[in-house]
Amino acid sequence: MGRQLDLPLDRVQRGDCIAVMRALPPASVHAIFADPPYNLQLQGELRRPDDSLVDAVDEAWDRFPDLAAYDAFTRAWLTEARRVLRRDGTIWVIGSYHNIFRIGAILQDLGFWILNDIIWRKANPMPNFRGRRFTNAHETLIWAAWDREARYRFNYEAMKALNDDVQMRSDWTLPLCTGAERLKGPEGRKLHPTQKPEALLHRVILASTQPGETILDPFFGTGTTGAVARRLNRRFIGIEREEAYAAAAEARIAAVEPVADETLTATPSRREAPRVPFGALLEAGLLLPGAVLWDRHRRVRAEVAADGTVRTRTVRGSIHRVGAAVQEAPSCNGWTFWHYEEDGVLLPIDVLRERLRAAGGPSAPD
C-alpha cells in the first residue's frame, strides 16, 4: 500500500487520460473501469432523422478521422492502463457494438486475459429513432485480468449474496441512469449524455476490489466511479478532460456519505479461505476413525480411516476420489458429497471444515 502515497487519490485529474496515466507509478492501481468514446462518428449515427444531434456523445471528442485513428487511440490508453494496473488487478471496459469488438481485440493483443463479457441489459432503453434497426437495448462490459497467469481478485461469494444467494450471471438487467441520480446542467438538461448508473459501478467495484483499494477511471465524466468508490470505502483516481464534467464530479462525490466500515468487507471467497485437509478433522477430534459418512440420500456408505482416507466395500482413497468412484464421475467435491450425522440430521462434512477454520485450526493443501 506504500505506493498510494505517490498517487493523486480521491481527486479528479484534469487533462488527457494518456498523459495523466503516464505520470502514475507502474503497478499502482487495483482495478480500472473505463468508459471510452464509442466512436459513433464513423458509424454515421450522430444525428436523428430530423438532423438534430443525438444525445449520446460529445461530438468533438468522438470524431476520429478513421478506424485506424480510433484503434491507435485505444491502443495508447490501454497500454498505459496495463502499465499502471497491478499484476493481480483487473480492468473493466464498457462499450457498444460500435467499438467494443475493436477494444476486445486490442486488449488481447496487449496481453490481457479476458475473463468475461458481461451484457448490461437496459431495463428502459432509448428507442431507435430511425426505425431501421432493432432497439439497441444493451451494452457490453469486458472484464480482463493482467494476463493468463494472474491471480486476480473475484469476490464470488459477495456477488452471489448480492443476487439472493444465486450465482451471479454475466447478464445484468439494470435501468439507465434516470431521476435524481441523473446530473442536470443549468438549463435542466442532462449534463453528461452517457452517465452510467451507480448500480452498475456497485457491482463492478464490489466484485473486484476490497475496501481501501484503488480504482482508476480514465474517462471519469461526472464521477459515477468516484461516488460509488467513496460510498464503498475504496480509493479512486479520476481523469477527465472537460472542466464542466470534472467540477460536477467533485461536487457530487463530496456529497457522498461513506457507509460504516464494518459493513464494507465483502463476503469472503472460498478460494481465499485457509485450506483444510480432511485428516485435520480427525486430528481435531471433530470426526473419529470408524465414523460413517453418507451421501445425502443415504444410498452410499463409507467409513473414515485413521489416516484420513475413506473406504467403501469396493474402493478406498481420499474423500474426493472415492466420491467420484461411487458416482462413476470424473471428479467430485468430497466436502459437499459426503455427509455425517449430527442429532439425527445429515450435514455435509464441509460444516466441520468451517468449524475448524473458525477455531483457527490447521491449514494445508487439500
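Colleague: In which sense do strand β7 and β8 pair, and over how many bridges?
Modeller: In this predicted model, Leu216 of strand β7 (residues 214-217) has Ile237 as its bridge partner in β8. From β7 the chain crosses through helix α6 (residues 224-231) to β8, and this β-α-β crossover is right-handed. The two strands pair in the parallel sense, over four bridges.

Colleague: Which residue in β8 is the bridge partner of Arg14?
Modeller: Strand β8 also pairs with strand β1 (residues 11-14), again in the parallel sense and over four bridges. Arg14 belongs to that β1 range, and its bridge partner in β8 is Glu240.

Colleague: Is strand β8 largely enclosed by the rest of the structure or largely exposed, and how many of its six residues are buried?
Modeller: Buried here means under 20% relative accessible area. By that criterion strand β8 (residues 235-240) is largely enclosed by the rest of the structure, because the number of its six residues that are buried is five.

Colleague: Which element gives the most residues to the largest nonpolar core?
Modeller: The largest nonpolar core has 34 residues, and Leu216 is among those with the most contacts inside it, as are Met21 and Trp77. Elements that give two or more residues to this core include α1 (17-22), β2 (29-34), α2 (67-84) and β8. With six residues, the element that gives the most is α2.

Colleague: Are the rings of Trp92 and Trp172 stacked, tilted or edge-to-face?
Modeller: The ring centres of Trp92 and Trp172 are 6.3 Å apart, with their planes at 45°. Planes under 30 degrees apart would count as stacked and over 60 as edge-to-face.

Colleague: What is the distance of Arg353 from the ring centre of Trp335?
Modeller: Trp335, in helix α10 (residues 334-337), also forms an edge-to-face aromatic pair with Phe278, at 6.1 Å centre to centre and 65° between the planes. Both Phe278 and Trp335 are buried. Arg353 lies over the face of Trp335, and its distance from the ring centre is 4.3 Å.

Colleague: Does Glu257 count as buried or exposed?
Modeller: Glu257 lies in the loop between α7 (243-254) and α8 (279-283), and its C-alpha atom is separated by 7.7 Å from that of Arg230, 27 residues apart along the chain. Because the relative accessibility of Glu257 is 63%, this residue counts as exposed.

Definitions and conventions
Residues are numbered from 1 along each chain as its sequence is written. This is a predicted model: local features need pLDDT of at least 70, side-chain atom pairs count only at pLDDT 80 or more; totals for chains, interfaces and linings use all residues. Side-chain values use heavy atoms; hydrogens and water are left out. Buried means under 20% relative accessible area, exposed over 50%, partly exposed in between (1.4 Å probe, protein chains only). Two strands pair if DSSP finds at least two bridges between them. A crossover is right-handed if, with the strands pointing away from the viewer, the path from the first strand over the helix to the second runs clockwise. A nonpolar core is a set of buried Ala, Val, Leu, Ile, Met, Phe, Trp, Tyr and Cys residues joined through side-chain atoms within 4.5 Å. Rings of Phe, Tyr and Trp (its six-membered ring) pair if their centres lie within 6.5 Å; planes under 30 degrees apart count as stacked, over 60 as edge-to-face and the rest as tilted. A charge sits over a ring if NZ of Lys or CZ of Arg is within 6 Å of the ring centre and within 35 degrees of the ring normal.
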